[in-house]
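Reader: I would like to learn how to read the features of a protein model, one at a time. Could you take me through them slowly, with the general idea ahead of each case?

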Amino acid sequence: MSEDILVNVTPQETRVALVLQGAVQELHVERTLSRGMAGNIYLGKVVRVLPGMQSAFVDIGLERAAFLHVADIWDARSNETPPSSPTPIERMLYDGQSVTVQVIKDPIGTKGARLSTQISIAGRMLVYLPQESHIGISQRIENEVEREILREKVQKLILPEEKGGFIIRTMAEDASDADLQSDVEYLRKTWANILQQAKTKPAPALLYQDLDLAQRVMRDFVNDETASIQVDSRENYLKLQQFAELYTPSLLPKLAHYPGERPLFDLYGVEEEIQRALGRRVDLKSGGYLIVDQTEAMTTIDVNTGSFVNGRNFDDTIFKTNLEASHAIARQLRLRNLGGIMILDFIDMENAEHRSAVLSELNRALSRDRTKVSVSGFSALGLVEMTRKRTRESLAHILCEPCPACGGKGQVKTARTICYEILRELTREAKQFNPREFRILASQVVIDMFLEEESQHLAMLGAFLGKPISLQVETVYHQEQYDVILM
């Protein structure tokens, strides 16, 4: 199946969409003012070691200190002591110490960046591991003969005095010796430059910044199924062309500039897809639908049959809906970039074969995901639990913020509830103060409720307090907002 990659570039942000058979599968957004930091290497300064948590906070020059756990300290991993008695973090780090670290997770929500002292630098064909000495191979390269050939090719390129190791990426499957040699030299130069900067710069300092999103497309996203890479900016198309000539010359025929007047994302329906990806409900072609709820701890996805009744019997309808939902769920996880714990609530199936088939279909649909996923079977409650590695903010967190009216609850108090709150507030104020008049400032819908359905209750309270109560509409107030003014 051929895949098209669309790159929309503006001065303020870069957006990338992966389109497979006309359907958007992934969306990536990188804004100039808040560029992702995963992969960046810093010279950090330890600001606090927490022995109780076996972790440390490290200043890398961001607003919030980054987090480093003992399990992510390379010295701890390579230590020869038995795993049952690892070296405590307080014996490896101390306050004020300078340490070279790499961001493995961007800051998400209220959490700072997650760090590791195990450094890895990604190239087109290889990933360089300066602290290791072995050669690893991507699990996606399954042919054992091919794996051994690639291992031998890379082994020949390693110098006798070389301390580092390499991971062979999927992209290296058909690489020539010259391509691999070029990648090795590029990675060696990059690491040498990082070491030189670490010696001369004071902490905290940025030592290495990963490629921008448009360049990462050329390095990470393109595969054998990629038919075209369309860029709507002439300037950035030329930059990518130069980048490809240096590092990925085989991709030049796939790279194209889109000169059309109609926006590239509009042409492929990506803008509409973005709007749909921000909603809770996802409609299925059969008439069923998903409800996606993203919370702080996890994401829940509920499957419903909706109007779908096309089947020999009810069990058949449920089975077909769940099969279709499996593909839709896999796509939504990639599209929205949802990470962490997922709870999938498929429609209950009594047939064990149906449950097994739905689980197999889900795993097959998830196999295209570049991000690591882990799926467990159906639980006793009929739920499927899964995890998807979270390395950056979800699409909703990048594009949206909590509603100022509901504060992220997803609902607001009714106008009647607010009216009763105001009546209680008037009673409280009357017991403490003796004003000439009470004035209520509230939204239009609340004032309308007081003038109509709640007018009798307002009049009764005014008579009880012995004070006039006036109403004033504040157009800028949302439904839950009000003030009681003592005149």
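Author: What follows is a conversation about the overall build, the charged pairs, a helix contact and a few backbone details. Please keep in mind from the start that this is a predicted model.

Reader: How many helices and strands are there in the protein, and what does its C-alpha trace span along the principal axes?

Author: The protein has 13 helices and 24 strands, and its C-alpha trace spans about 95 × 70 × 55 Å along the principal axes. Of the 487 residues, 45% are buried.

Reader: How should I read a salt bridge, and how many salt bridges does a search of the whole structure find?

Author: The general idea is that side chains of opposite charge can pair when their charged atoms come close. A search of the whole structure finds 22 salt bridges. One of them joins the side chains of glutamate 13 and arginine 31, with 3.1 Å from N to O. Because glutamate 13 belongs to strand β2 (residues 13-20) and arginine 31 to strand β3 (residues 23-31), this pair ties together parts that are 18 residues apart in sequence.

Reader: Is glutamate 13 buried or exposed, and what does arginine 31 count as?

Author: Glutamate 13 is buried, its relative accessible area being 15%, whereas arginine 31 counts as partly exposed at 31% relative accessibility.

Reader: Which helices hold the salt-bridge partners lysine 153 and aspartate 177?

Author: Lysine 153 forms a salt bridge with aspartate 177, and their closest N and O atoms are 4.0 Å apart. Lysine 153 is in helix α2 (residues 144-157) and aspartate 177 in helix α3 (residues 177-200), so here the pair ties together parts that are 24 residues apart in sequence. Lysine 153 counts as partly exposed, at 27% relative accessibility.

Reader: What separates glutamate 361 and arginine 364 within helix α9?

Author: These two residues are three apart in helix α9 (residues 352-366), so about one helical turn separates glutamate 361 from arginine 364. They form a salt bridge in which the closest N and O atoms are 2.7 Å apart. Glutamate 361 counts as buried at 18% relative accessibility, while arginine 364 is exposed, with a relative accessible area of 53%. Salt bridges can also be linked through partners that they share, and in this way Glu13, Arg15, Arg31 and Glu271 are joined into one network.

Reader: Now for a pair of helices: at what angle do helix α7 and helix α8 pack?

Author: Here one reads an angle together with a distance between axes. Helix α7 (residues 270-277) and helix α8 (residues 314-336) pack at an angle of about 100 degrees, and their axes are 11 Å apart. The two helices, α7 and α8, are therefore roughly perpendicular to each other. Glu273, Arg276 and Ala277 of α7 make the contact with Arg331, Leu335 and Arg336 of α8. By type, the residues of this contact are two nonpolar, no polar and four charged.

Reader: Is the peptide bond from alanine 203 to proline 204 cis or trans?

Author: That peptide bond is cis, with omega near -5 degrees, and proline 204 has its place in the loop between α3 and β13 (205-208).

How values were computed
Residues are numbered from 1 along each chain as its sequence is written. This is a predicted model: local features need pLDDT of at least 70, side-chain atom pairs count only at pLDDT 80 or more; totals for chains, interfaces and linings use all residues. Side-chain values use heavy atoms; hydrogens and water are left out. Helices (H or I, at least four residues) and strands (E, at least two) are DSSP runs, numbered from the N terminus. Buried means under 20% relative accessible area, exposed over 50%, partly exposed in between (1.4 Å probe, protein chains only). Axes are lines fitted to C-alpha atoms, for helices over the stretch in contact, and angles run from 0 to 180 degrees between N-to-C directions. Angles under 35 degrees count as roughly parallel, over 145 as roughly antiparallel, 65 to 115 as roughly perpendicular and the rest as oblique. Contact means heavy atoms within 4.5 Å. Ala, Val, Leu, Ile, Met, Phe, Trp, Tyr, Cys and Pro count as nonpolar, Asp, Glu, Lys and Arg as charged, and the others, Gly among them, as polar.
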